[in-house]
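Take a moment to look over the model below.

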Amino acid sequence: MINVNWKKIKPYEKASFAVPVMTALIIILLITMVIAFVNPLLYMPLKVLTAVFVFLTFVFGVHIESRMIQIYMLLGVLDISMLAAVLMPFPSGLTIFFFAASLAAVVASAGVAVFGSVFFTKDTLYDFPEANRKNVFGSKNVMFFAPHEDDEINIYGGIIEQYVKNGSKVKIVFSTNGDFYRLGKLRIKEALSVAETYGIPESDIIFLGFSDSITDKNSAHIYNAPDDEILTSAAGYNKTYGTRSKKPFVNCDFTRKNYLNAFINVIEKYKPDTVFCCDYDGHADHRAISLFFEEALGEIIKRNPLYTPLVFKGFAYSTAWDGACDYYSQNALSTRLKEPANLMRETNTYRWNQRVRFPVAKESLSRVMQNSSSYRAMREYSSQTATDHANGIINSDKVFWLRRTDSVLYNSQITASSGDASRLADFKLVDSDDIKNDSGLPLKGLWQADANDEKRIVAFKLPENKKICRVVIYEDPRNENHILNAQLMVGHISYNTGEFNNGGPTVFEFPPVDTDLIGIKIKNCTGECTLLKVEAYTQPESDKAEFIKVQNSNGDFCYDYIVNKSGKEQFTVYTFPNQKDFDFTAESSDEGVICSVENGVINVYCPQGEHAVITVKSADSPQIYDCFTVRNPDERERYILSLKQNGEQKMWSFSMQWDYYRGLVRRLGVYKPRKNK
């Protein structure tokens, strides 16, 4: 596919340019067809067919990332070839030659598509015995929140399958209908088709029914709008809606209050024990779903402290839609940032090395895209040309950040020696006054002590005594404000904290202290004296592994692993939760493949032509284990695999052609006239 510079292309995608250009090209085509109909020249049917075959050859062979540029190109090719056919007086012999050549080109193009459908897909699925992880993915009541229809694949593809096939109850909740270009009802239908591919009943797909990118008269996103102001979306709606067969979760006006209540109601109705949600991402609707969700869950757990679901937050852009294009590799690569960083740039509150890495489902792993369950799901979102981004979305893991929901400070009384500290204990981690236009860090809700405040103290009074053993403090995400030392007071016990982490959480663990009072005194800092969030817990982080996954020396999760030609490779074990000294055993299923464990490293020797299943088990809990296949194919097999991966990028199969052109046609819906609802 020919990639484009979207900043330069964007003006040519707008209706004000696209509609007149397409209209002019179609008029030229119609005039040409009229000329062809009335022109008495010999062999005119062959000439017209030649023009059609030239057009079809381009259809098979030339694909451009911008669907509108593709339309201009195809209409232009058809116009030029038709004009040449009806206006140029080719002799009969040359006409027949052009006809035969163009027919041969079309047949060859179709043959390539057939070849791509058969050859590329054969023997490219990953072949390995999948470990039993029902303790993680089974018997759960899990809810996935997505801002738009297609984001459930971008953020959770490969993980949704894990929960479904392990028997968990899965619900996917879409906060908007993705209708900025008035394709909302189509996107709802596409989402239901995706759910069918995952094996999720339609009843478990929930559309809150709000529009995409709702703003008020001052261009503020609905998240930042007044609570009760009724807003109208760019698509012309002011009430939640669905389709004839799929109604919205709630019927209400577009107001901030109703939007928040929809989140509260859907969580309280189904009470999920595990929740996945988009975090503060690069799109206003992504930011809104993160903030609305955290605000809603914060209100719920304040009222019901016993409700403490597992919450995982992830990103749709930096780790998926705009992720590194690294799909075509000998072995599946783990999620990487385009620009390596210690902190996630969106908020500076998540440390990259503290991410939770989930192993993806076997169905999502293939050495060519067509066989991946995630790619097949993306094909259903042809209106969003979702498969164009598959190269960066599909990886050997999916990464999230765990947000604990059992802090005891949510209902505490907060006092400070100066400044407004009322937001310090909220579940909502970050916030912003303008999620649509603010390109900086989300800093709303920070506690900032006055410049002349010499005490710089903030205190939390709990409703009752708790045995506190862990305090987590997030400082100001801005690098210029940094705490060098503070005093943490837990009841009658006092600790000198030393320097905080510059970005991300700083964790303090200590023997349990029975108290209802926690205080923090900032002793020394650079810049302004600020704090973002404080959490306190009665339980430490779990020190028992829930699942393990073998990874190679580059940190890539291993499934059906092709070793280097020497046959010698080293592997380590990823654990969740992270354990520094994890004791495990490893054994090979075949005596021809040797494996041993030394100082936490698995040494494997797999001679050429050999293969085996390596099983790694926790020494303390053998039911916690992982399996992966190692093999060392000969040069011929390696070459064929490389040929298939390189070929799929250049010679599209029929299914890939269908996906591309169905998306092209559906994208024309962007140019439908607006209607007030």
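Why is strand β15 (residues 547-552) largely enclosed by the rest of the structure? Count its buried residues. Six of the six residues of β15 are buried, so the strand is largely enclosed. Keep in mind that this is a predicted model.

On one side sit Phe547, Lys549 and Gln551, and they are all buried.

β15 has a partner. Strand β17 (residues 568-576) pairs with β15 in the antiparallel sense, over six bridges. Find valine 550 in the pair: valine 573 in β17 stands opposite.

Strand β21 (residues 611-618) pairs with strand β18 (residues 584-588). The two are antiparallel and share five bridges. Here threonine 615 in β21 stands opposite glutamate 587.

β21 also pairs with strand β22 (residues 625-631). This pair is antiparallel too, with seven bridges. Valine 613 stands opposite threonine 629 in β22. Between β21 and β22 lie six residues, and the two strands form a hairpin.

Next comes a helix. Helix α15 covers residues 635-648, and glutamine 645 lies in it. Is glutamine 645 buried or exposed? Its relative accessibility is 7%, so glutamine 645 counts as buried. Which residues does it touch, leaving aside neighbours within four places in sequence? Glutamine 645 is in contact with Tyr328, Ser329, Gln330, Arg367 and Val368.

Contacts of this kind lead to the whole chain. Take contacts between residues at least 6 apart in sequence: 78% of them join residues at least 24 apart.

Step back now. The protein chain has 16 helices and 22 strands. Its radius of gyration is 29 Å, close to the 26 Å that the globule rule gives for 677 residues, so the chain is as compact as a globular protein of that length. Along the principal axes, the C-alpha atoms fill a box of roughly 105 × 70 × 45 Å.

Of the 677 residues, 56% are buried. The accessible surface of the chain comes to about 29300 Å². Carbon and sulfur atoms account for 54% of that surface. Finally, consider charge. The chain has 75 positive and 78 negative charges, and their mean positions are 5 Å apart.

Conventions
Residues are numbered from 1 along each chain as its sequence is written. This is a predicted model: local features need pLDDT of at least 70, side-chain atom pairs count only at pLDDT 80 or more; totals for chains, interfaces and linings use all residues. Side-chain values use heavy atoms; hydrogens and water are left out. Helices (H or I, at least four residues) and strands (E, at least two) are DSSP runs, numbered from the N terminus. The radius of gyration is taken over C-alpha atoms; the globule rule is 2.2 Å times the number of residues to the power 0.38. Buried means under 20% relative accessible area, exposed over 50%, partly exposed in between (1.4 Å probe, protein chains only). Contact means heavy atoms within 4.5 Å. Accessible areas come from the Shrake-Rupley method with a 1.4 Å probe; for residues, only the protein chains shown count as cover. Lys and Arg count as positive and Asp and Glu as negative; His and the chain ends are not counted. The place of a charge is taken as NZ of Lys, CZ of Arg, CG of Asp or CD of Glu. Two strands pair if DSSP finds at least two bridges between them.
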